[in-house]
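Hi everyone, thanks for making time. Have a look at the picture first, and then we'll talk.

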Amino acid sequence: MLVKEVVALAAETLGRSDLAQAVEAAEEGSDGEVKSLLRCYNLIENEVALDFFPLKTAERFVPAQGKISYASFSFAPVNILKVTDEEGTPVRFGIMPTYISVPQTAGELEVVYAYSPPVKDLGDETAFSDHISARLLAFGVASEFCITNRQFAEGAMWGRKYRDALRAAGIYRRTLSVRSRRWI
């Protein structure tokens, strides 16, 4: 599914067929409300990836002096999940501000990590094409767009629909609460 399809669906959801047609006809790097909708899409995609449905990938690296620089990753890592050697044995690692520290061993290491999706343009493929529906993302984009345009009541309504769609998809995390302590 393309970003353009999600953004056009969000415009149609808001009852703005004129804006949906503008999205369909838009070229890369367009401006105005189309650019605002695209910015809202990127915010929602990043929110879903960081808070609800992490995007994971694995890459192989050869450490230099026991370090794997974050700059050498294909995507911006958010959470390092595991590091294994060539045989698949877990390797101890440390998280530093600009690199991962690993034991100085010879050989290639595989790093599995969650990442933040790169900023998309209208012609790009969404990060969640197989897992999350366009409708769910469109509700989030519609909510963000309304709030951006100071339509707070309508934005809150679309925000509730967005959270309900996340809950229905089974990816909405409940907020945990701890009961207050009582002194007897």
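Predicted model: local features only at pLDDT ≥ 70, side-chain atom pairs only at ≥ 80, totals over all residues.

As a general background, nonpolar side chains in soluble globular proteins tend to be buried together.

Setting aside neighbours within four places in sequence, which residues is valine 111 in contact with? The list is Thr57, Ala58, Glu59, Phe61, Ile68, Phe73, Ile80, Lys82, Val83 and Ile100.

Now let's step back to the whole chain. How many helices and strands does it have? The secondary structure comes to five helices and six strands. Reading from the N terminus, the order is α-α-α-β-β-β-β-β-β-α-α. Among contacts between residues at least 6 apart in sequence, 73% join residues at least 24 apart.

What about overall dimensions? The C-alpha trace spans about 65 × 60 × 25 Å along its principal axes. The radius of gyration of the chain is 21 Å, whereas a compact globule of 184 residues would have one near 16 Å. Buried residues make up 36% of the 184 residues.

The accessible surface of the chain comes to about 11200 Å², and carbon and sulfur atoms account for 51% of that. For those of you who think in charges, there are 21 positive and 24 negative ones, and their mean positions are 14 Å apart.

Glutamine 65 is not a glycine, yet its phi is positive, at about 55°. This residue sits in the loop between S1 and strand S2 (67-69). Is glutamine 65 buried or exposed? Glutamine 65 counts as exposed because its relative accessibility is 68%, and the cut-off for exposed is over 50%.

The other spot is arginine 150, in the loop between H4 and H5. Its phi is near 60°, again a positive value in a residue other than glycine. Arginine 150 has a relative accessible area of 69%, so it is exposed too.

Last, a pair of distances in the helical parts. Aspartate 18 is found in helix H2, and it is partly exposed, with a relative accessible area of 46%. Aspartate 18 and alanine 8 are ten residues apart in sequence, and their C-alpha atoms are 10.0 Å apart. Lysine 161 belongs to helix H5, and is partly exposed as well, at 37% relative accessible area. From lysine 161 to glutamine 151, ten residues apart in sequence, the C-alpha to C-alpha distance is 16 Å.

That's my tour, and I'm happy to take questions.

Note on methods:
Residues numbered from 1 in each chain as written. Heavy atoms only, no water. Helix = DSSP H or I, 4+ residues; strand = E, 2+ residues; numbered from the N terminus. Rg over C-alpha atoms; globule rule 2.2 N^0.38 Å. Buried < 20%, exposed > 50% of the residue type's maximum accessible area, 1.4 Å probe, protein only. Contact = heavy atoms within 4.5 Å. Areas by Shrake-Rupley, 256 points an atom, 1.4 Å probe, with all protein chains shown as cover. Lys, Arg positive; Asp, Glu negative; His and termini not counted. Charge placed at Lys NZ, Arg CZ, Asp CG, Glu CD.
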